[in-house]
Amino acid sequence: MAPKRTAGASRQAPKAKVARKAPVDPVEEAVERVMKGLRDCEGTEAQKTLLLETGPAAMRTLAEGRHPFVSQVFAWAQQLLTEHGNAVVAKEAKAKSVVAAVDERRGEAAKVKEAAAATVADCEAKLSAAKESRQQAQDELKARSAELKATLKEKSEAAAVEAKIQATIAEVEATRALVMTSDPQTTGFKKIVAKIVSQLKAAGGEEGLVACAASALEAKERTSFDWTTINYIMKQFDMYHASRQQELTEQRALIVKIDETLVPHKQATEKLVAAKEVASAALEALRIGEKGLKDAQAAEGTVEADFMEAEVMCASCMEARAELDAVLGHFNFLLTRADKPEVDPTEAPAASPAKEPAQDVPMGPAAVEEVAPAPVAAPEVQAQQIVAEQKSFSGPLLDNQENAPANVLATGVVMAAVEQL
């Protein structure tokens with residue numbers, strides 16, 4: 001059996017009430033924006049104090065029947081906003097010139113970095129080629145190492161033979177000199193004779209010549225036979241000397257041939273040395289190029305930071321101009337307002353005017369056409385003049401009753417301002 005429905009069970013739960021915001025009064029919003037703009041302006045302390053104290057009440061008045069002092073407050077406010085606008089425009093122009101100059105520096109820094117990068121790439125290519133040449137020279141020298149070892153050994157042996165032949169020739173020449181200059185009266189003549197005979201044997205002298213050489217040399221009175229024997233001894237030494245000279249010539253020719261076989265190895269060694277020097281120079285050039293690239297990158301980073309800072313400053317100036325334009329729009333609304341706007345409390349509140357994104361605005365200074373910049377004296381002098389005017393009449397007859405509280409308030413504010421000044 002289905003359960004019974006109780007009364008009101010089908011009713012839906014009541015929706016939560018949405019709280020309604022209070023409607024926005026355009027006059028109050030405009031006054032708030034203008035006063036904020038005045039607070040952001042740069043001016044004297046007395047001028048800003050006077051405007052901040054008298055401004056809210058003055059800005060709420062209608063254009064018709066406005067008290068002279070209230071009009072003067074508008075003129076002072078316009079003058080301060082205009083001067084601030086001129087300063088903002090000048091600051092924006094300067095910021096844009098800084099951006100342009102820094103942007104030019106960015107281009108130059110980018111070119112320097114690009115050239116440094118190209119230099120580094122060229123150095124790397126040269127270093128790679130130098131390393132390859134060095135490796136080839138090392139491989140070639142290594143391939144000739146076994147051959148070099150045998151050749152060097154052969155050259156060493158040939159050089160030893162050459163030295164030995166040279167020593168033999170020197171000894172033969174010395175012995176020949178002894179034969180020519182010695183006689184039985186020479187001190188140690190027997191030893192000299194023994195040396196000559198020994199050298200004669202070494203020179204390949206005939207056995208009979210060797211046998212009679214000593215007696216011929218030692219004879220006190222030499223006969224023709226003795227002199228003939230001595231002549232044959234000299235001829236043997238000459239022949240031996242000539243054969244040794246020929247042998248020396250042949251040995252030297254052999255050494256020359258050995259040296260020729262060493263030329264490729266020498267060239268490979270020189271090639272390796274040159275390749276190492278080129279590789280070392282390329283490596284040093286690469287280090288210098290990398291340092292230059294690093295410096296160029298650092299310089300580009302600095303310039304980029306300066307550019308970003310300049311762009312931020314320029315954007316800030318453009319935002320300040322946009323904000324000032326909005327303030328001047330509210331100021332003109334208050335300046336020329338003829339009727340009090342009616343706000344329907346039952347109507348949904350209109351959205352507050354959204355701040356437009358910062359964009360490029362005209363370069364001219366923000367100006368208000370309705371009220372020209374006040375070419376009057378400082379607020380202190382004006383206040384004294386208006387106080388004098390207030391004393392001269394009891395008060396204007398106002399058709400616009402909305403201005404009455406502000407006009408009455410203006411007199412008291414003037415007196416307070418004069419006391420402060």
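1. In what follows, a residue is called buried when its relative accessible area is under 20%, exposed when it is over 50%, and partly exposed in between, with a 1.4 Å probe and protein chains only. The model is a predicted one, in which local features need pLDDT of at least 70 and side-chain atom pairs count only at pLDDT 80 or more, while totals for chains, interfaces and linings use all residues. Residues are numbered from 1 along each chain as its sequence is written, and side-chain values use heavy atoms, with hydrogens and water left out.

2. Taking a salt bridge as a side-chain nitrogen of Lys or Arg within 4 Å of a carboxyl oxygen of Asp or Glu, the count comes to 16 salt bridges.

3. Lys36 and Asp40 form one of these, at 3.4 Å from N to O. Both residues lie in helix H1 (residues 26-40), four residues apart, or about one turn of the helix; helices here are DSSP runs of H or I with at least four residues, numbered from the N terminus. Lys36 is partly exposed at 39% relative accessible area, and Asp40 is likewise partly exposed, at 43%.

4. A salt bridge also joins the side chains of Arg106 and Glu304, at 3.0 Å from N to O. Arg106 belongs to helix H3 (residues 68-143) and Glu304 to helix H7 (residues 224-336), so this pair ties together parts that are 198 residues apart in sequence.

5. Glu162 and Arg252 form a further salt bridge, their closest N and O atoms being 3.0 Å apart. Since Glu162 lies in helix H4 (residues 145-181) and Arg252 in helix H7, the pair ties together parts that are 90 residues apart in sequence. Glu162 is buried, at 17% relative accessible area, whereas Arg252 is partly exposed, at 40%.

How values were computed
Helices (H or I, at least four residues) and strands (E, at least two) are DSSP runs, numbered from the N terminus.
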